[in-house]
There are 2 protein chains.
Amino acid sequence: MDGFDGVLDVRDLRYFRAVAEERNFTRAAERLGIAQPPLSRAVRQLERRLGARLFDRSTRQVTPTAAGLVLLEEAVRVLDAVSAAARRTRRAARATPAVVVTAKPGVATDLLRRVTRAYASQPDAARVEIAVSGYGEQAGMVRDGRADVGLLGAGEDCHGLDLEPLTSEPRVAALPAGHALAARSVLSCRDLAGLPFPHCPVLPPHTDAYWSGRDVGEEEVPDDARWAAAHVPRGPVVRDSSQLLEAVALGQAVALVPVSLAERNRRDDIAYRPVRDASPYTLAIAWPAGSRSPSIARFVRTAIEVASHEPPVHGAGPHASFGE
Amino acid sequence: MDGFDGVLDVRDLRYFRAVAEERNFTRAAERLGIAQPPLSRAVRQLERRLGARLFDRSTRQVTPTAAGLVLLEEAVRVLDAVSAAARRTRRAARATPAVVVTAKPGVATDLLRRVTRAYASQPDAARVEIAVSGYGEQAGMVRDGRADVGLLGAGEDCHGLDLEPLTSEPRVAALPAGHALAARSVLSCRDLAGLPFPHCPVLPPHTDAYWSGRDVGEEEVPDDARWAAAHVPRGPVVRDSSQLLEAVALGQAVALVPVSLAERNRRDDIAYRPVRDASPYTLAIAWPAGSRSPSIARFVRTAIEVASHEPPVHGAGPHASFGE
DNA sequence: CTGACGCCATACCCTGACGGTATGGACGGG
DNA sequence: CCCGTCCATACCGTCAGGGTATGGCGTCAG
């Protein structure tokens, strides 16, 4: 009806995305490894084919229009799906295809171990590969095909994924030992408001690490200071639980952590206190929405099975609700 | 790391999909409107770039490998996302962007009307367009961008969509007036097992209608007889509730219908009977997973709001669980 | 057994799209 | 007012992708 046929191409979307995020044709062309004129032309052609202006090119500033913002959102989705297609196909073509599962380092490792063992004991189960990844990266890894299933904490953006809750446990506040609040025996969320919380790394959108999921490394990114200042919340950046605890112990932050993590990490320089109204920490297993892969399905079924037999954590409440 | 860069292209995926579904290069080329040799070459190049065999070309038969089946699933996802990107961008570029909502014809029309009215009454609300679509097509329409939000019945494949349940009501059996079971006052699912149920149209995968979502029309598709015979379940094909009721009245089928539909369609030639263990009919609102569109968000919020004020249908139970 | 047909692969040519270089024009800062 | 920045245009060369012709192979009918 509206000839959607050759209108959009992966290349066009990569180009468009680069411009939309850099807000600068020259830098975008650099990032893409091409010259600037072909990029300008490609974007104009795209605009013509779509019949929609995508950028307002007022002098000194190129900003996406409303339509451009819509396309940016869709483009990210498409590009993730394309990467996932390539990666999953290659993986499926290997002599012994593996199920790649990703999880936060140091969280629920024994659950993961148990699930993996139960899965592997089944007849003709696929090999299991564990891909550790930093906080908050699990969903992205499943989305773009670097992993087949992921163990996500609640609060991760799980769009495009199907998921099933596995375990739920209360969270407690982790405070520096000398903190004023450590004197009290029980806290509420209000007590913690305004304190510096640790957070996952937020990478500037034009670094390679942002795209590939690799670490940003130590190369300097002079122009990013503004961006970082605008987007990074207060508190130290942490990538895993040991960094998080270290940050707390050093007095740089307070944090809400699952009680099991607290129990495994009793130390003198950190005080754990229950928080009356904190939402529980819920761990869920996620896989690409609508996947029909038998090995993924079996792994998920095994995980649910094992988690349901799991001895419930002391004081665990009902499952938290997911989604934002 | 693994150079996913130019490996996959939308064109390649369209070509691959055609071959994977037709299982025949010549017919696939026809469908794509190109000659056969370029298609063969494109697929071979794709296999080389991926480093994976996608088809077993034994003589007289071309069948996808395991990797090919994986790619097929991913390709559909990508192509839907690409169509959605083009459509949504174009829609967003219109002078007065509209929110397109799709719903089954004849189901929950008054709920939809109420939601639409409530939404429209808000300040700077977008225009609302209603796109009616046949049974079972709503999810696809949201996925590929023909619609922004959809009212889905439970049981629709909602992968790739976020959704929120709106209403839930019991279902009753609709029987031809003279049917033996009509003599009983209450039934159970076991009584209905094995009877012919109506079903949504299942289109052969290489017709245009299958791809575009348009109706198949009356052109003849001689070669599809085999396919249809293999894939179409028993019972008549229906596209909306009036066709469904007609099929029941004519004695061609029995059906489980929401009680509200039964109440609005009392007629002599149909007997409605409660079914003790039938799962309730749950209506949910669905939107593209992870969408950040403010107008969609507002529409969804309005819908949830309105539905929660809705007078509960007589005997409505708790929400059914979604997912497959 | 053999000829005809169906189906995929190869060979070859041609067009056009994409990328690079050079350059122009507009706006803003010093 | 000049210079720097940044996007657009012009022009050109290369190669990928599509078309036509043809070959090889297997199947089926007679």
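Reader: In which sense do strand 5 and strand 10 of chain A pair, and over how many bridges?

Author: Happy to walk you through it. This is a predicted model, where local features need pLDDT of at least 70, side-chain atom pairs count only at pLDDT 80 or more, and totals for chains, interfaces and linings use all residues. Residues are numbered from 1 along each chain as its sequence is written, while chains are lettered from A and ligands numbered from 1 in the order in which they are written.

Strand 5 (residues 149–153) and strand 10 (residues 281–288) of chain A pair in the antiparallel sense, over four bridges. Helices (H or I, at least four residues) and strands (E, at least two) are DSSP runs, numbered from the N terminus, and two strands pair if DSSP finds at least two bridges between them. Within this pair, A:Gly153 stands opposite A:Leu283 of strand 10.

Two helices of chain A pack on the sheet. Helix 5 (residues 109–120) touches strand 3 (98–103), strand 4, strand 5 and strand 6, and its direction makes about 160° with that of strand 4. Helix 12 (residues 294–309) touches strand 3, strand 5, strand 6 and strand 10, its direction making about 20° with that of strand 6. Contact here means C-beta atoms, placed from the backbone, within 7 Å; axes are lines fitted to C-alpha atoms, for helices over the stretch in contact, with angles from 0 to 180 degrees between N-to-C directions.

Now the whole sheet: it is open, with five strands of chain A in the order 4-3-5-10-6 and mixed pairing. Strand 4 (127–132) and strand 6 (161–169) of chain A are the edges, each pairing on one side only. From one strand to the next, the twist averages 25°.
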